[in-house]
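Student: Could you walk me through how to read a few helix and loop features in a model like this one?

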Amino acid sequence: MAPDTVSLRYFLVLAQELNFTRAAARIGIAQPALSARMRRLEAELGTALLVRNTRSVVLTTAGAALAESAPPALAALDRAWDTARSAAAGELGTLRIGYSLSAGPRRHRPWWTG
């Protein structure tokens with residue numbers, strides 16, 4: 001099962017900051033909530049993403065790999081959602097307009113002139 005995208009986005013902020021307090025402040029959530037999300041994310045993936053101690057946070061090999069591969073995957077998912085929203089709003093599709101010189105205005109003699 002794939003992790004939820006919110007947890008993945010939170011992980012990416014934490015991977016940039018390498019500090020739970022700063023990452024939580026950037027995201028706008030409490031630090032304990034961020035810690036709990038990261039523990040759930042690691043449990044879902046079945047691997048440690050972070051090495052934590054009281055003074056630092058370091059990415060594991062798996063964490064570094066996820067931090068590198070997640071942004072393009074999230075960007076593709078964002079594009080897919082945008083496409084679905086555009087389709088629902090009727091903003092997708094192709095309009096083709098053709099013009100032929102032979103279909104242009106003709107000068108006809110009025111029918112009453114014979």
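Tutor: Happy to; we will go through some helices, a helix pair and a loop residue. Keep in mind that this is a predicted model.

Student: Let's start with H4. How many residues does H4 have, and how far does H4 reach from its first C-alpha to its last?

Tutor: Helix H4 runs over residues 61–88, which is 28 residues, and its end-to-end C-alpha reach is 41 Å. That is close to the 40 Å expected at 1.5 Å a residue.

Student: Where does H4 bend?

Tutor: At Ala-70, by about 35 degrees. A proline, Pro-71, follows within four residues.

Student: Which residues of H4 are buried, and what covers them?

Tutor: An α-helix has 3.6 residues a turn, so residues three or four places apart point the same way. In H4 the buried residues are Gly-63, Leu-66, Ala-70, Leu-74 and Ser-86. Their cover includes helix H1 (5–17), helix H3 (31–45) and strand E2 (57–59).

Student: And what does H1 look like?

Tutor: H1 has 13 residues and reaches 18 Å between its first and last C-alpha atoms, close to the expected 18 Å. Its buried residues are Ser-7, Leu-8, Tyr-10, Phe-11, Leu-12, Val-13, Leu-14 and Ala-15. Among the elements covering them are H2, H3, strand E1 (50–52), E2 and H4.

Student: Now a helix pair. At what angle do the axes of H2 and H3 cross?

Tutor: At roughly 100 degrees, with the axes coming within 9 Å. Angles of 65 to 115 degrees count as roughly perpendicular, so H2 is roughly perpendicular to H3. On the H2 side, the contact involves Phe-20, Thr-21, Ala-23, Ala-24 and Ile-27, which meet Gln-31, Leu-34, Ser-35 and Met-38 of H3. By class, that contact has six nonpolar, three polar and no charged residues.

Student: What is the phi of Leu-18?

Tutor: First, the background: most residues other than glycine have a negative phi. Leu-18 has a positive phi, near 50 degrees, and is not a glycine. Leu-18 sits in the loop between H1 and helix H2 (20–27). With a relative accessible area of 36%, Leu-18 is partly exposed.

Terms used
Residues are numbered from 1 along each chain as its sequence is written. This is a predicted model: local features need pLDDT of at least 70, side-chain atom pairs count only at pLDDT 80 or more; totals for chains, interfaces and linings use all residues. Side-chain values use heavy atoms; hydrogens and water are left out. Helices (H or I, at least four residues) and strands (E, at least two) are DSSP runs, numbered from the N terminus. The expected span of a helix is 1.5 Å times one less than its number of residues. The bend at a residue is the angle between axes fitted to the seven residues ending there and the seven starting there. Buried means under 20% relative accessible area, exposed over 50%, partly exposed in between (1.4 Å probe, protein chains only). Contact means heavy atoms within 4.5 Å. Axes are lines fitted to C-alpha atoms, for helices over the stretch in contact, and angles run from 0 to 180 degrees between N-to-C directions. Angles under 35 degrees count as roughly parallel, over 145 as roughly antiparallel, 65 to 115 as roughly perpendicular and the rest as oblique. Ala, Val, Leu, Ile, Met, Phe, Trp, Tyr, Cys and Pro count as nonpolar, Asp, Glu, Lys and Arg as charged, and the others, Gly among them, as polar.
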